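Please look over the sequence and the structure first.

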Amino acid sequence: MNRRDSIKALGLAAAGGALLLDSCSPKEAKQGATAVGDKLPGVTDSEHERNTKLAEERFFTTHELATIGVLADIIIPADETSGSATDAGVPEFIEFMAKDIPTYQTPMRGGLKWLDVQCQRRYGQVFMQCDNTQQLQMVDEIAYPAKAKPEMAQGVAFFNLLRNLTASGFFTSEMGVKDIGYVGNKPGVWDGVPADVLDAHGFKSAWG
Amino acid sequence: MISYQIKTNPTVYDAIVVGSGAGGGMAGYVLANAGLNVLMLEAGPFFDPAKDALQMRWPWESPRRGASTIRPFGDFDAAYGGWELEGEPYTHAAGTSFDWFRARMLGGRTNHWGRISLRMGPDDFKPTDGVTDEWPITYDEVKPYYDRIDRMIGIYGTVEGIRNEPDGIFLKPPKPRLNELYIRRGAERAGVPVIAGRGSVLTEALPGVEGRGTCFYCGQCGRSCRVYGDFSSSSCLVMPAMKTGNLTVIDNAMVREVLTNDEGQATGVSYVDTRDLQEHEVRGKLVILGASACESARLMLNSKSAAHPGGLGNSSGLVGRYLHDSTGASAGGFLPQLLDRKRYNEDGVGSVHIYSPWWADNQKLDFPRGYHIEYGGGMRMPSYGFTDWVANVNHLVPAKDGGQREQGGYGAALKDDYRRFYGASVGMAGRGTALARYDNYCEIDPTRVDKYGIPVLRFHYKWANEEVAQAKHMQETFREILHEMGAIVASPMPGPETSYGLEAPGKIIHEGGTTRMGDNPKKSVLNKWGQAHDCKNVFVVDAGPFVQQGDKNLTWTILALSMRTADYILEQRNKLNIG
């Protein structure tokens with residue numbers, strides 16, 4: 001079989017010169033982690049049962065999930081290139097991960113509570129009820145590990161975890177993959193670093 | 001009502017092969033093609049990469065975005081199993097560690113492996129270091145089998161003429177990615193050679209081989225290949241062997257014991273169907289074990305009889321002894337030269353594009369043998385956790401406007417950092433020779449059984465000074481290479497408190513040595529053909545027969561030795577010496 005036959009065997013259809021996988025058309029792609037959907041071929045029955053069961057359970061309360069949404073959009077806001085974390089379904093993804101990796105549960109629940117207690121002391125209300133300026137003041141205290149005050153250390157640890165989960169969730173969503181510019185996962189031919197890139201980096205040939 | 005009735009298959013097979021990975025698959029393939037009636041038993045389900053691969057899936061098609069919660073290498077990886085299997089435990093002697101990776105599926109671990117296909121060299125079979133043991137065979141005796149496998153399965157690489165890194169019959173190698181060009185430049189300045197990778201991926205059509213597609217460069221060999229463009233035992237050996245009509249595969253069959261007669265000869269095996277727990281017995285003239293080094297040793301130790309009181313083929317007491325994995329340690333950083341890099345598809349192949357074969361002079365070093373280095377990085381498909389490092393290092397380079405960034409942060413500036421740093425990481429990992437030692441071993445735990453009632457393994461494994469010294473050398477080398485290529489390394493070099501980042505035994509998934517071959521039946525389990533000294537119709541074809549690995553990932557040698565054993569079986573049958 002040559003490469004052309006390989007691509008045919010994959011069930012790929014040519015569409016305007018671009019090759020798209022039938023099974024992965026944007027229409028069918030699901031946003032958000034709660035949509036576990038149909039079992040993919042190659043996923044085992046027990047894996048699929050576990051995924052479905054986790055998706056049906058609820059860990060975070062409505063208040064916690066709403067707070068996660070506000071924080072996630074502070075971490076990844078919409079800009080001219082793409083939408084925000086909540087646009088990409090990040091809170092639903094974090095909800096799933098808290099059940100998938102139970103060691104996240106206490107740091108997340110406790111971290112959210114820590115944040116609300118801090119805000120209650122400073123501003124007389126929980127984080128969600130604070131105005132935007134107050135929310136950002138609070139986040140500024142925990143978003144910069146190197147300059148955060150020692151008494152903020154627990155908040156820093158919580159924010160580090162939430163930042164990683166938010167970025168993971170956003171940049172692995174369909175919107176985020178497009179934003180970050182990953183253009184692979186397509187059948188083709190790899191013939192080494194493109195000539196203009198070789199030039200720009202001072203390499204003389206494809207083998208350096 | 002539960003009845004304990006054993007179902008007995010009336011057929012007497014010419015050979016029963018236990019396990020369908022590289023070793024079992026190759027033995028089954030050769031024997032079935034020679035016309036023998038072969039039965040293959042696999043503990044896991046049937047797996048066909050054409051149907052079951054999660055190749056070309058996007059991260060959002062996994063609810064955990066490919067995280068490693070269920071499968072150790074992530075949701076899309078083609079291994080059913082891992083270091084822990086539900087209901088199939090193993091134990092450790094106090095103060096020792098070993099992590100045992102098992103893939104329960106047709107083709108075993110060959111569905112997800114890195115396809116890095118290195119020959120052991122003349123000095124690996126006959127070491128000259130005065131520390132490690134020699135094999136009863138030489139490179140020249142194995143070379144014809146390596147050659148046949150190169151032609152039959154396909155491997156890319158470049159002819160280099162390095163004495164202990166023998167060349168094969170190569171397809172064209174994939175060209176380096178951009179980060180790999182920087183790595184090569186840095187490594188050469190650090191005195192470390194870098195050559196084209198050697199991987200079992202069809203970068204071009206393989207003459208005389210039908211039914212396999214050519215690589216289309218998705219970089220996802222670890223998910224197994226729907227067009228059979230890389231080597232998996234399932235796609236390249238077992239399924240083609242089934243097409244001869246001579247190989248029958250029973251899946252979900254966990255072998256309990258090798259059955260023997262009063263003279264101590266094997267007569268077949270017993271197994272349990274893992275779905276309905278029905279017990280079965282099958283008869284065969286030969287029994288060939290390819291269940292993986294530790295699983296085959298476990299099976300032999302669990303097959304006790306009057307003729308084999310210490311376990312089948314274990315009069316030497318050495319079954320389970322000399323267990324050894326590869327050493328492994330790694331380091332990484334990022335290249336400021338690659339920030340804000342141009343986007344294009346650099347998926348390439350799913351095996352390595354470049355690597356460093358062992359280069360140094362051991363006379364100047366405090367450990368025998370050596371290691372090779374594998375490299376990674378680049379604009380890979382996003383998956384769970386792939387951005388975690390960015391917020392730790394975003395203060396280490398000036399911002400786009402030349403100003404100073406604070407570590408961490410949030411908002412538009414952070415969002416842009418994730419884009420900026422994407423594809424700028426580099427990583428490297430050493431894979432080296434761990435010493436095969438009598439004192440590192442697995443045995444039957446006298447008190448524990450798995451969910452099928454089969455006694456489980458207990459491991460005894462400790463690293464020694466040689467492995468730790470090697471890991472230290474790896475870390476120093478990695479730092480030099482990273483420095484020479486202009487990379488920024490955010491993490492401090494691991495020190496003696498972590499054995500220099502040396503991975504726990506078993507983590508590299510290169511375990512072997514548990515049924516070592518040799519000429520002296522008191523000092524080895526198998527003869528140089530992989531045949532049990534104590535039981536002439538039992539053979540082992542996984543990594544158990546390895547006397548001492550080199551730093552060469554072992555699959556290509558498992559394939560070569562299994563093919564050689566299968567040839568020997570055919571020759572002995574013709575002489576009427578066996579089965």
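How many salt bridges are there between chain A and chain B? The count is 7. The model is predicted, and every value below is computed from it. One of the salt bridges joins A:D179 to B:R419, with the closest N and O atoms 2.6 Å apart. Polar contacts between chain A and chain B link 33 residue pairs, both partners at pLDDT 80 or more.

Eight helices need naming here. On the side of chain A that touches chain B, α1, α2, α3, α4, α6, α7, α8 and α9 of chain A give two or more residues each. Helix α7(A) gives the most, with 9 residues. By class, that side of chain A divides as follows.

| Class, side of chain A touching chain B | Count |
|---|---|
| Nonpolar | 48 residues |
| Polar | 24 residues |

In contact terms, 86 residues of chain A meet 75 residues of chain B. Together the two chains bury about 6,900 Å², and 60% of that lies on carbon and sulfur atoms. A:N185, A:W190 and A:W207 supply 14% of the area that chain A buries against chain B, more than any other three residues.

Now the sheet. In chain B, 4 strands form an open sheet with mixed pairing, in the order β1-β11-β10-β9. Strands β1 (7–13) and β9 (253–260) of chain B each have a single partner strand, so one side of each lacks a neighbour in the sheet. From one strand to the next, the twist averages 25 degrees. β9(B) pairs with β10(B), residues 266–273, in the antiparallel sense over 7 bridges. B:M254 stands opposite B:V272 in β10(B).

Definitions and conventions: Residues numbered from 1 in each chain as written. Chains lettered and ligands numbered in written order. Predicted model: local features only at pLDDT ≥ 70, side-chain atom pairs only at ≥ 80, totals over all residues. Heavy atoms only, no water. Pairing = 2+ DSSP bridges. Axes fitted to C-alpha atoms, helices over the stretch in contact; angles between N-to-C directions. Contact = heavy atoms within 4.5 Å. Buried area = accessible area lost by both parts, 1.4 Å probe. Salt bridge = Lys/Arg side-chain N within 4 Å of Asp/Glu carboxyl O. Polar contact = N/O pair within 3.5 Å; in protein donor to acceptor, adjacent residues only side chain to side chain. Nonpolar A, V, L, I, M, F, W, Y, C, P; charged D, E, K, R; others polar.
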